Amino acid sequence: MNIILLGPQGSGKGTQAKMLAEKLGLTIVETGKILREIAETDHPWGRRIKDMQMRGVLVSDDILMAVLKETLSKPARRGYLFDGTPRNIVQYKLIKEVLEDRGEKIDKVVVLNISEEETIKRLSSRRTCLKCGRVYNLITSPPPEENKCECGGELSQRDDDFPEAIKKRLDAYKKSTSKVIEKAKNENVLIEIDGERAIDVIHEDIISKLEDRSSK
Ligand SMILES: [Zn+2]
């Protein structure tokens, strides 16, 4: 089974991806992480990826496709769980193509829904340590002492985590993923999940909805 997991920043997507992969025996394909790793090597794409990251642009589709092909050429456990990709409809089609080459398909697209208000609440509670870079969340993972990291460093709120910047990122996310969600709906593989509940409840809900549909 191959699953795509979508959700805005702050939706708990990373946590759900780990739980889901564990439960279903899936291999997580975290494109952002793979690209960051390649950028640090002397791989032929390394410099191009680093250059694009420096300019703050998304990695081009040709590189992403090549990276995906290489990643998916390694044996998976019982399928793949895509976390962080596709960001847009072009990437969705690319993943589909690569899978089809292997005689597989995208079985489900799971979307974690969370309101703008909740996203802002969660992300503006983030504090980053100025010394070691560790990230805390005042609500979900508070620091041991007010405004102090475990390492003793001072905590600060990044510019990225102020409401204005969060709203901007959220708009960009919605704009780029809306077509993916629409397409998944048309292909009858969309599962929408209320992401504003406890982690375990969300996990159980995803599992039961996956089972529900695959038994039909
Ligand atoms: Zn620290």
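Me: Is L130 buried or exposed?
Reply: This is a predicted model, and the test is a count of C-beta atoms within 10 Å. L130 has 11 others within that distance. A residue with 12 or fewer counts as exposed. Because its count is 11, L130 is exposed.

Me: Where is L130 found?
Reply: Strand 5 covers residues 126-129. Strand 6 covers residues 135-137. L130 sits in the loop between strand 5 and strand 6.

Me: Which residues is L130 in contact with, leaving aside its neighbours within four places in sequence?
Reply: Look along the chain to G153, which is 23 residues from L130 in sequence. In space, their C-alpha atoms are 6.1 Å apart. With close sequence neighbours left aside, the contacts of L130 are G153, E154 and S156.

Me: What feature does UniProt place at residues 126-160?
Reply: The end C-alpha atoms of this span lie 10 Å apart. The span is 0% helix and 26% strand. The unreviewed UniProt entry gives residues 126-160 the name "domain: Adenylate kinase active site lid".

Me: What is the order of the strands in the open sheet of three?
Reply: Start at the edges: strand 6 (135-137) and strand 7 (155-156) each pair on one side only. Strand 5 joins strand 6 through three bridges, and the two run antiparallel. The pairing in this open sheet is antiparallel, and the strand order is 6-5-7.

Me: Which residue is the bridge partner of T128 in strand 6?
Reply: Strands of a sheet pair through backbone hydrogen bonds, either parallel or antiparallel. Here strand 5 and strand 6 run antiparallel. UniProt's "binding site" feature, from an unreviewed entry, includes V135. In strand 6, T128 has as its bridge partner V135.

Me: Is K13 buried or exposed?
Reply: K13 is among the residues of the "binding site" feature in the unreviewed UniProt entry. K13 belongs to helix 1 (residues 13-24). Leaving out residues up to four places away in sequence, K13 touches L5, G7, D83 and L112. Because K13 has 20 C-beta neighbours inside 10 Å, it counts as buried.

Me: How does R197 count, with 14 C-beta neighbours inside 10 Å?
Reply: R197 is another of the residues in UniProt's "binding site" feature. R197 lies in the loop between strand 8 (190-194) and helix 8 (199-214). Its 14 C-beta neighbours inside 10 Å are why R197 counts as partly exposed.

Me: Which elements do the buried residues of helix 2 pack against?
Reply: The buried residues in helix 2 (residues 31-39) are T31, L35 and I38. Seen down the helix axis, they fall within an arc of 60°, so they line one face. The face turned away from that side carries the exposed residues G32 and K33. The buried residues pack against strand 2 (27-30), helix 3 (46-54) and helix 4 (61-72).

Me: Which residue is the bridge partner of V29 in strand 3?
Reply: Strand 2 and strand 3 run parallel and are joined by four bridges. Strand 1 (residues 3-6) also pairs with strand 3 in the parallel sense, over three bridges. There, I4 has F82 as its bridge partner in strand 3. For V29, the partner in strand 3 is F82.

Me: How many residues has the largest nonpolar core?
Reply: In soluble globular proteins, nonpolar side chains tend to be buried together. In this chain, the residues with the most contacts inside the largest core are I4, L5, L6, L81, F82, V109 and V110. Setting aside residues up to four places away in sequence, F82 touches I4, L5, V29 and I95. The size of the core is 32 residues.

Me: What radius of gyration has the chain?
Reply: The chain has eight helices and eight strands. Its C-alpha trace spans about 55 × 45 × 30 Å along the principal axes. For 216 residues, a compact globule would have a radius of gyration near 17 Å. The chain agrees with that, at 18 Å.

Technical notes:
Residues are numbered from 1 along each chain as its sequence is written. This is a predicted model: local features need pLDDT of at least 70, side-chain atom pairs count only at pLDDT 80 or more; totals for chains, interfaces and linings use all residues. UniProt positions are given in the numbering used here, feature names are shortened, and annotations may be inferred rather than shown by experiment. Two strands pair if DSSP finds at least two bridges between them. A nonpolar core is a set of buried Ala, Val, Leu, Ile, Met, Phe, Trp, Tyr and Cys residues joined through C-beta atoms within 7 Å. Two residues are in contact if their C-beta atoms, placed from the backbone, lie within 7 Å. The radius of gyration is taken over C-alpha atoms; the globule rule is 2.2 Å times the number of residues to the power 0.38. The arc is that of the directions from the helix axis to the C-beta atoms.
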